Amino acid sequence: MKIQIIYCHPSKKSYTFEILEQLKSNLNAEKLEYEISDLYAMNFKTDMTEQEYEREGFANIDLPIPNDVKEEHSKIEKADCIIFLYPVWWSDCPSKLKGWFDRIYSVGYAYGHKNSNHIEKMKTLKYGLVICTAGHPNDFLQEIGIAESMRNVMIDDRLGQRFSNKEMIILGGTLDKENVRQTHSEVINSIGEKIKRYCA
């Protein structure tokens with residue numbers, strides 16, 4: 001089985017990068033194969049061109065899909081599981097990850113399958129996992145409704161029916177990292193086993 005990690009953070013000094021390193025260690029320990037799309041490192045282009053908009057906005061599937069989008073499609077098609085790892089910025093993912101969804105979830109591939117027989121359609125993946133780091137504690141995010149809002153957008157819309165099993169893990173409380181680090185490590189160290197269970 002193979003895991004595709006969509007990672008989105010600009011700094012290697014960040015707590016989110018620490019989580020990525022822990023996740024890699026766990027997947028290595030579980031002998032799971034993975035590939036990382038590091039959106040900042042690969043300078044992923046988030047904005048649609050006018051031609052892309054004309055393709056997406058008007059469902060004109062005769063217009064070409066850009067090569068960088070096709071490359072991400074290829075990675076998805078090889079994967080059994082996709083992990084999205086990012087920090088919570090203003091109650092959502094960073095704009096670079098939002099741009100990934102805008103461009104990679106192209107019409108005819110991720111939605112709008114009618115009359116698009118000449119386009120390879122996105123397969124249904126076995127497991128989609130969203131991991132996000134957040135400064136505020138989980139209880140607070142739950143209390144003010146942000147946690148539910150993020151889950152609705154990521155799980156119900158962006159992952160949607162494209163995954164058989166879906167989960168969101170909010171690693172909250174990072175403003176006091178030392179107080180949550182151990183608990184977060186335990187969560188990350190259980191990921192490999194979960195993937196094996198869902199993707200077996």
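I searched the whole structure, which is a predicted model, and found 1 cavity of 30 Å³ or more. I noted a volume of about 40 Å³ for the largest cavity. Rolling a probe the size of a water molecule over the atoms is how empty space shows up.

Which residues line the largest cavity? I wrote down Met 48, Glu 52, Glu 56, Ile 65, Pro 66, Val 69, Arg 103 and Ser 106. Sorting that lining by type, I got 4 nonpolar residues, 3 charged and 1 polar.

**Overall build.** Next I went through the secondary structure and got 8 helices and 5 strands for the protein chain. Reading from the N terminus, I jotted the order down as β-α-β-α-α-β-α-β-α-α-β-α-α.

Then I looked up the dimensions: the C-alpha trace spans about 55 × 35 × 30 Å along its principal axes. I also checked the radius of gyration, which is 17 Å; a compact globule with 200 residues would have one near 16 Å, so the two agree.

**One helix pair.** Two packed helices are described by the angle between their axes and the distance between the axes, so I looked up both. I picked α1 (residues 15-29) and α8 (residues 191-199), whose axes come within 8 Å and cross at roughly 55°. That angle lies between the 35 degrees limit for roughly parallel and the 65 degrees where roughly perpendicular starts, so α1 and α8 are oblique to each other.

Who does the touching here? On the α1 side I listed Leu 23, Asn 26 and Leu 27, and on the α8 side Ile 191, Gly 192 and Ile 195. The residues of this contact split into 4 nonpolar and 2 polar, with no charged ones.

Note on methods
Residues are numbered from 1 along each chain as its sequence is written. This is a predicted model: local features need pLDDT of at least 70, side-chain atom pairs count only at pLDDT 80 or more; totals for chains, interfaces and linings use all residues. Side-chain values use heavy atoms; hydrogens and water are left out. Axes are lines fitted to C-alpha atoms, for helices over the stretch in contact, and angles run from 0 to 180 degrees between N-to-C directions. Helices (H or I, at least four residues) and strands (E, at least two) are DSSP runs, numbered from the N terminus. Angles under 35 degrees count as roughly parallel, over 145 as roughly antiparallel, 65 to 115 as roughly perpendicular and the rest as oblique. Contact means heavy atoms within 4.5 Å. Ala, Val, Leu, Ile, Met, Phe, Trp, Tyr, Cys and Pro count as nonpolar, Asp, Glu, Lys and Arg as charged, and the others, Gly among them, as polar. On a 1 Å grid over the protein atoms alone, a cavity is a set of points where a 1.4 Å probe fits but cannot get out, and a pocket is an open set with protein on both sides within 12 Å along at least five of seven lines; lining residues have an atom within 4 Å of a point. Grid points are joined across faces, edges and corners, and a volume is the space filled by probe spheres set on the points. The radius of gyration is taken over C-alpha atoms; the globule rule is 2.2 Å times the number of residues to the power 0.38.
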